[in-house]
Amino acid sequence: QNIISFMGNLFTIKFSENNSEKVVFEKGICWVRPVTFDPKDIRKTLITWLKRFAEAEILRRTQEWSKRMETNFGTVRFGQQSSRWGSCTHDNNLKFNWRLIHFPVEVIDYVVIHELAHTKHHDHSDRFWNLVAQYCQSWKEQRKFLKRQMVAKEI
């Protein structure tokens, strides 16, 4: 049985020819409408959809948190880093691992807040962690969650 974690919830993957959308999450089921029922096509359809959704959702959350935190950032890019969930360059360009979309929203927000805090403090000083804690009181819990995850890998 194929299971996927999406925004912290588990869904059983099922195939549908009837959905108007390529991917639909509802009531514990992830309905996928691939072009063909070849397992490779099913996987490609789901991963393509997840990447697009992740990029839009994480960008939206980054813009919202940036306003709240009164920070400015440059570009936002997405990748599939094997050992990082996010990063911030010295010119405040952000990069996020699109696979964050598998995790609960609190974890996604922690990574976004963490990277936005780097736009003000390009280190892990007390000032940096105090800023993170100001917007994410549960940051230690979220950080432990991420450390427990295996290296980000294929679904």
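Mentor: Let us begin with a definition: axes are lines fitted to C-alpha atoms, for helices over the stretch in contact, and angles run from 0 to 180 degrees between N-to-C directions. Helices (H or I, at least four residues) and strands (E, at least two) are DSSP runs, numbered from the N terminus. This is a predicted model, in which local features need pLDDT of at least 70 and side-chain atom pairs count only at pLDDT 80 or more, while totals for chains, interfaces and linings use all residues. Residues are numbered from 1 along each chain as its sequence is written, and side-chain values use heavy atoms, with hydrogens and water left out.

Trainee: How are H2 and H4 oriented to each other?

Mentor: Helix H4 covers residues 139-148, and its axis lies 9 Å from that of H2, at an angle of about 100°. Angles under 35 degrees count as roughly parallel, over 145 as roughly antiparallel, 65 to 115 as roughly perpendicular and the rest as oblique. H2 and H4 are therefore roughly perpendicular.

Trainee: How are H2 and H3 oriented to each other?

Mentor: The axes of H2 (residues 105-118) and H3 (residues 126-135) come within 9 Å and cross at roughly 140°. By the classes of angle already given, H2 and H3 are therefore oblique.

Trainee: How many charged residues does the contact of H2 with H3 have?

Mentor: Contact means heavy atoms within 4.5 Å, and on the H2 side Tyr 110, Ile 113, His 114, Ala 117 and His 118 meet residues of H3, among them Phe 128 and Trp 129. Ala, Val, Leu, Ile, Met, Phe, Trp, Tyr, Cys and Pro count as nonpolar, Asp, Glu, Lys and Arg as charged, and the others, Gly among them, as polar. By these classes the contact of H2 with H3 has eight nonpolar residues, two polar ones and, as for charged residues, none.

Trainee: Which strands stand at the edges of the sheet?

Mentor: Three strands form an open sheet with mixed pairing, in the order S5-S7-S6, where two strands pair if DSSP finds at least two bridges between them. Each edge strand has a single partner, so one side of it is left without a neighbour in the sheet, and these strands are S5 (76-79) and S6 (86-88).

Trainee: Is Ser 87 buried or exposed?

Mentor: Ser 87 lies in strand S6, and its contacts beyond four places in sequence are Asn 93, Leu 94, Lys 95 and Glu 115. Buried means under 20% relative accessible area, exposed over 50%, partly exposed in between (1.4 Å probe, protein chains only). At 17% relative accessibility, Ser 87 therefore counts as buried.
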